[in-house]
Amino acid sequence: MILAVVDKDDSHMVMQHLIKEGFSITTLSTTGGFLRAGNVTILIGVDDDKTERVIDIIREHSRSRTQHMPTMLGAETFLQSMPVEVSVGGATVFVLNVEQFEKI
């Protein structure tokens, strides 16, 4: 099983291409990380020999990018916004061995 946490901006293209190539997927809306940004977690049940193809599709259709985010610095009475460059987007992929699988 592959569990892929994909940025919401990239998720549509990733899911579209996985389905187009015949992979069955289940999706969950998730939030996480430093920015509390929206993600889509995609669960893909796949035979071992198809694992690399799934990872290639995810890699082809998700990308990291930089974005400036404001941060607040200063005392309680005076706050100043200081932009910080952060990396957003892309995907995190986990490959899990499944001992048993039943489709009921």
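The model you are looking at is predicted, so local features need pLDDT of at least 70 and side-chain atom pairs count only at pLDDT 80 or more, while totals for chains, interfaces and linings use all residues. Residues are numbered from 1 along each chain as its sequence is written, and side-chain values use heavy atoms, with hydrogens and water left out.

Is serine 11 buried or exposed? Serine 11 is buried, because its relative accessible area is 5%, and buried means under 20%, exposed over 50%, and partly exposed in between, with a 1.4 Å probe and protein chains only. Its side chain reaches the backbone oxygen of lysine 8 at 2.9 Å. Beyond its neighbours within four places in sequence, serine 11 is in contact (heavy atoms within 4.5 Å) with Val6 and Val40.

Now step back to the chain. It has two helices and six strands, and along the sequence they follow the pattern β-α-β-β-α-β-β-β. Of the 104 residues in the chain, 27% are buried. Among contacts with a separation of 6 or more, 59% are between residues 24 or more positions apart.

Next comes the empty space. Rolling a probe the size of a water molecule over the atoms shows where such space is left. The largest pocket holds about 530 Å³. A pocket, on a 1 Å grid over the protein atoms alone, is an open set of points where a 1.4 Å probe fits, with protein on both sides within 12 Å along at least five of seven lines; lining residues have an atom within 4 Å of a point. Its volume is the space filled by probe spheres set on the points, which are joined across faces, edges and corners.

Finally, look at phenylalanine 101, found in the segment after strand E6 (91-95). Phenylalanine 101 is exposed, because its relative accessible area is 67%. Phenylalanine 101 and glycine 45 are 56 residues apart in sequence, yet 9.0 Å apart in space, C-alpha to C-alpha.

Definitions and conventions: Helices (H or I, at least four residues) and strands (E, at least two) are DSSP runs, numbered from the N terminus. A polar contact is a pair of N or O atoms within 3.5 Å; within protein, one must be able to donate a hydrogen and the other to accept it, and residues adjacent in sequence count only if both atoms are side-chain atoms.
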